[in-house]
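Student: I would like to learn how to read helix packing in a model. Please go through some cases with me.

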Amino acid sequence: MKHTTAPRHVIFGSGAVGTAVAEALVRRGEPVRIVNRSGRADVPDGVEVVAGDAADPAFTTAVAAGAAVVYQALNPPYHRWRQEFPALQAGVLAAAEAAGARMVSMDNVYSYGPPGGRPFTEETPDAATTRKGRLRGRMARDLLAAHKAGRVEVAIGRASDYFGPRGGAQSNLGDLVFPALLAGRTATVLGDPDQPHTYTYVPDIGEALALLGRHPDAPGRIWHLPNDPHTRTTRELVDLAHHATGRPGTARLRRMPTFALYAMGAVNRTVRELIEMQYEFAEPFVVDSSLVRDRLGAVATPAEEALEQTVAAYRALRK
């Protein structure tokens, strides 16, 4: 399939993160193309949406020809990561290399494994104990090797568990929390809600990935995307969200029992994949993002403001 010359920025993936990157770039007046499987997406005006398979390097090379920055914001079905993610990344890498573009890749902190009482920094070694964590570690190392070999400029942005507009069912602060709070019902979360836990706001992810696409010092390393430096517990964040709904008192909150996860996992493949990640919520889970703040100037939206905006987004969905 032939395409016109790509705009300066081509984003592979139109989920919460890909859309947030597009919004950040549009605010800067940049031309943007989003690539997904369907060719349809709820995107800002002026953003072009193209359908295709990101695992096909011939397609990705054609659709990104002429781009200056290529963003990997893909998120295959959770239970299909091992089968699909490496080929998807390889397709985006091929596109960036062919175009001579910088590649900005969205990543998470799974590769570090359990924190063991220490905050994660960009210097934390890989020590994953899960299948998904080991996969993400290998994928990041592959990208950095391509950069070191001079094949393509690469910058990797790592976020912790995310929340925000379009956070959805995969977010612990997502569909099991905000609709319940707005309706005055009990919210449900995974793991121990009284452990400090770093969450990354989706619009901050978009802004920071856009920054990695243009900052001269960004390539060649991993960056933790900006988080509120005051790490709260999940319960504290849910209480802030409850306050943002305008309801009095404190939020009603329950922890999903482990046996319920196993029971649901027997029939739901996505839930089944969540089980091995429960270590994230068993002890303090803190992701230090001071490097991207100090060196590149990226700052996190204060938690109160971020939760107010997330509540507003979920409230708009009810209308």
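**Helix packing**

Tutor: This is a predicted model. Two packed helices are described by the angle between their axes and the distance between the axes. Here, helix α1 (residues 16-27) packs against helix α6 (residues 202-214) at an angle of about 60°, and their axes are 7 Å apart. That angle makes α1 oblique to α6.

Student: What is the handedness of the crossing of α1 and α6?

Tutor: The crossing of α1 and α6 is right-handed.

Student: Which residues of α1 and α6 meet?

Tutor: From α1 come A16, V17, A20, V21, A24, L25 and R27. They meet V202, P203, I205, G206, E207, L209 and A210 of α6. By class, the residues of this contact are 11 nonpolar, 1 polar and 2 charged.

Student: At what angle do helix α3 and helix α4 pack?

Tutor: Helix α3 (residues 81-99) and helix α4 (residues 131-148) pack at about 15°, with axes 11 Å apart. α3 is therefore roughly parallel to α4, as angles under 35 degrees count as roughly parallel. The crossing of α3 and α4 is right-handed.

Student: Which residues of α3 and α4 meet?

Tutor: W81, R82, F85, P86, Q89 and L93 in α3 meet a set in α4 made up of R131, K132, L135, R136, M139, D142, L143 and A146. The contact of α3 with α4 has 8 nonpolar, 1 polar and 5 charged residues.

Student: Where does UniProt place the domain feature?

Tutor: The unreviewed UniProt entry gives "domain: NAD-dependent epimerase/dehydratase" at residues 13-221. In the model, that span is 36% helix and 17% strand, and its end C-alpha atoms lie 22 Å apart.

Key
Residues numbered from 1 in each chain as written. Predicted model: local features only at pLDDT ≥ 70, side-chain atom pairs only at ≥ 80, totals over all residues. Heavy atoms only, no water. Axes fitted to C-alpha atoms, helices over the stretch in contact; angles between N-to-C directions. Helix = DSSP H or I, 4+ residues; strand = E, 2+ residues; numbered from the N terminus. Parallel < 35°, antiparallel > 145°, perpendicular 65-115°, else oblique. Left-handed = near helix turned anticlockwise from the far one by under 90°. Contact = heavy atoms within 4.5 Å. Nonpolar A, V, L, I, M, F, W, Y, C, P; charged D, E, K, R; others polar. UniProt positions renumbered as here; feature names shortened; annotations may be inferred.
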